[in-house]
Amino acid sequence: MKLLDTGIIYPIADSPWVSPIHCVPKKGGITAVTNENDELVLTRTITGWRVCIDYRKLNEATVKDHFPLPFMDQMLERLAGNKYFCFLDGFTRHFQIPIEPNDQEKTTFTCPFGTYAYRRMPFGLCNAPAIFQRCMLAIFHDMIEESVEVFMDDFSVFGNSFDTCLNNLDKML
């Protein structure tokens with residue numbers, strides 16, 4: 001309902017790209033509970049439910065991005081020997097990126113409340129993380145030029161000094 005109220009999704013009558021949803025538990029911490037034999041058993045608590053859209057069929061038909069995010073071992077190699085790390089955090093992440101109107105119906109999903117499509121990029125699309133990163137870098141660069149305070153997510157900057165971090169960021173842009 002939040003997504004509908006904010007205009008991130010809209011009702012759609014039909015689409016050949018309809019994807020199903022799955023509800024999966026949000027896992028919390030681990031706690032010890034007593035089982036039927038009076039034994040303590042470690043159990044992961046469930047703190048709620050997360051709705052996930054199964055975009056596997058759409059992702060199979062999607063041309064993959066030529067600029068994927070780096071692998072963890074590549075990032076660790078680049079981070080080695082640096083003293084400063086800046087992690088930039090974004091609030092609504094992918095929802096900040098509009099989808100071309102002609103492509104919106106491809107994000108159609110069905111749920112007990114109806115059939116909807118996204119106006120803004122949802123989670124689960126194969127190219128979403130890299131597109132988000134490249135768009136946010138451009139926005140971040142513009143905000144630095146205007147001296148606006150910015151918080152981002154999905155990328156990090158590193159260096160031996162804070163000035164080096166800023167230079168590394170400038171090279172990324």
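Which strand does S19 lie in? S19 lies in strand 2, and that residue makes a handy entry point to this predicted model.

## Starting from S19

Is S19 buried or exposed? With a relative accessible area of 5%, S19 is buried, because the cut-off for buried is under 20%. Setting aside residues up to four places away in sequence, S19 touches I53, D54 and Y55, and also T108, F109 and T110.

F109 has a bridge partner in strand 6, namely Y116, and I53 is listed with the residues closest to the centre of the largest pocket.

## The chain as a whole

Let's step back for a moment. The chain has five helices and seven strands. Read from the N terminus, its elements follow the order α-β-β-β-α-α-β-β-β-α-β-α.

The chain has 173 residues, of which 31% count as buried. If you take the contacts between residues at least 6 apart in sequence, 66% of them join residues at least 24 apart.

Strand 2 (residues 19-34) and strand 3 (residues 40-53) run antiparallel and are joined by twelve bridges. Within this pair, C23 stands opposite V51 in strand 3. The two strands form a hairpin with five residues between them, where D38 takes a positive phi near 60 degrees.

Which residue of strand 6 is the bridge partner of P11? The partner of P11 is Y116, and Y116 is likewise the bridge partner of F109.

Where is I30 found? I30 is found in strand 2, and I30 counts as exposed because its relative accessibility is 57%, with the cut-off for exposed set at over 50%. Leaving aside neighbours within four places in sequence, I30 is in contact with L42, T43 and R44. I30 and L42 are twelve residues apart in sequence, while their C-alpha atoms are 6.4 Å apart in space.

P101 is found in the loop between strand 4 (84-87) and strand 5. P101 is exposed too, with a relative accessible area of 59%. From C-alpha to C-alpha, P101 and R119 are 7.4 Å apart, although 18 residues separate them in sequence.

## The largest pocket

Rolling a probe the size of a water molecule over the atoms shows where empty space is left. In this model, the largest pocket has a volume of about 810 Å³. Which of its 26 lining residues are closest to the centre? They are L3, V51, I53, F95 and Y118. Two of these residues have come up already: V51 stands opposite C23, and I53 is touched by S19.

The elements that give two or more residues to the lining are helix 1 (2-5), strand 2, strand 3, strand 5 and strand 6. Strand 3 gives the most, with five residues. Sorted by class, the lining holds 21 nonpolar, two polar and three charged residues.

Notes. Residues numbered from 1 in each chain as written. Predicted model: local features only at pLDDT ≥ 70, side-chain atom pairs only at ≥ 80, totals over all residues. Heavy atoms only, no water. Pairing = 2+ DSSP bridges. Helix = DSSP H or I, 4+ residues; strand = E, 2+ residues; numbered from the N terminus. Buried < 20%, exposed > 50% of the residue type's maximum accessible area, 1.4 Å probe, protein only. Contact = heavy atoms within 4.5 Å. 1 Å grid on protein atoms, 1.4 Å probe; cavity = no way out; pocket = protein on both sides within 12 Å on 5 of 7 lines; lining within 4 Å. Points joined across faces, edges and corners; volume = space filled by probe spheres on them. Nonpolar A, V, L, I, M, F, W, Y, C, P; charged D, E, K, R; others polar.
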